[in-house]
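Here is a short briefing to read alongside the structure. Have a look at the fold first, and then we can walk through the details together.

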Amino acid sequence: MKKLTLVLPILLAGALSAAPAHAAPLKVVATTQDLESLAKEVGGDKIQTDSLAKGYQDPHQVEPKPSFILKLHSADLLIVVGRELEIGWLPPLINQARNTQIQPGADRYLDASNFAHILEIPTGQITRAMGDVHPQGIPHYWLSPENGRRIAQGIQKKLSEISPADAGYFAQRYADFDKRLADSEKKWAAAMAPYKGAKIVTYHRSWPNFVETYGLNVVGYVEPKPGIPPSPSHTYELTQEMKKDNVKIIIIEPYFDSKTPNAIGRDSGAQVLVMPPSVGGTKEVTDYFKLFDYDINLLVEAIKKTGAK
Ligand SMILES: [Zn+2]
């Protein structure tokens, strides 16, 4: 409360005074809390951030709300995950927002995937007939710290373009983030190093970037295809495979139904681990650093407990 009473009069004073437009914080709207967290790292108090999807929601399927349109209407910058992650819900909202500067292709529409290392980009003809929701490669690419760094740098460049007077500030914030991230990467890599090659099964194909970074071995997925719910035949085959390969861990994102993973866990003797792939996925995960802190700790404890290899 204390903070609010201090900040509010300042905000009001700012709004009422005839200050030049660039003095007000830029309104940055990100589609996810991961991108919002990275924007905050770079933008500091020169930006005001918001996110549409919350980390505990399936980012492929977000229920649109009228409040999203209002946020988009007044946004100075929209940051999206891209790679069709938001295709099921974002385009109509952007249309209705009546904000020409954040339309796809416009200056204030920033597709973060342009900066990231994207895995599993399909070659040949791309068809959605099989229900694959990853037609342009893995859109869950923020789950490698190196991609977090690249995205933050992309945001830094964009913010500096919009607000050149603050370019030095953004550069300094990015440099500080980069350093803290490098320190954390060492810590995370050391924690995961003993478990290289550990076999896991994941519900959705959310983790390829994480898996690549830490050298895990994904034996299979609970979904037969990304976006397709588990079927009895696929579940049976996966369970047999897991028994054969002695897989001890099934990772499930918090927003999926745990019924099938639990059944597979009972049949195969594997532990079901609810692991958030996003900032906001659980209450402890309040920023991009805490996302890796939390997930790596959870996974390491589970591997130790189950003796997974
Ligand atoms: Zn996905």
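**Overall fold**

The chain's secondary structure comes to 10 helices and 8 strands. Please keep in mind that this is a predicted model. The points below go from the chain as a whole to its metal site and one of its pockets.

**Size and packing**

- Along its principal axes, the C-alpha trace spans about 70 × 40 × 40 Å.
- Of the 309 residues in the chain, 47% are buried.

**Zinc site**

- His60, His134, His140 and His204 coordinate the zinc ion, each through NE2, at 1.9 to 2.0 Å.
- The arrangement is tetrahedral because the 4 donor atoms subtend angles of 105 to 118° around the zinc ion.
- The spacing of the donor residues in sequence is H-x73-H-x5-H-x63-H.
- His134 sits in the loop between strand 4 (109-111) and helix 5 (145-162), and His204 in the loop between strand 5 (199-202) and helix 7 (208-214), so this pair ties together parts that are 70 residues apart in sequence.
- His134 counts as buried because its relative accessibility is 4%, under the 20% cut-off.
- His204 is buried too, with a relative accessible area of 1%.

**Second largest pocket**

- This pocket has a volume of about 220 Å³.
- Its lining consists of 17 residues, and Asp58, His60, Gln61, Val133 and Gly227 lie nearest its centre.
- The lining residues divide into 8 nonpolar, 5 polar and 4 charged.

Conventions: Residues numbered from 1 in each chain as written. Predicted model: local features only at pLDDT ≥ 70, side-chain atom pairs only at ≥ 80, totals over all residues. Heavy atoms only, no water. Donors = N, O, S within 2.8 Å, 3.2 Å for Na, K, Ca; no water. Tetrahedral: all angles 85-135°; square planar, octahedral: opposite > 155°, others 65-115°. Helix = DSSP H or I, 4+ residues; strand = E, 2+ residues; numbered from the N terminus. Buried < 20%, exposed > 50% of the residue type's maximum accessible area, 1.4 Å probe, protein only. 1 Å grid on protein atoms, 1.4 Å probe; cavity = no way out; pocket = protein on both sides within 12 Å on 5 of 7 lines; lining within 4 Å. Points joined across faces, edges and corners; volume = space filled by probe spheres on them. Nonpolar A, V, L, I, M, F, W, Y, C, P; charged D, E, K, R; others polar.
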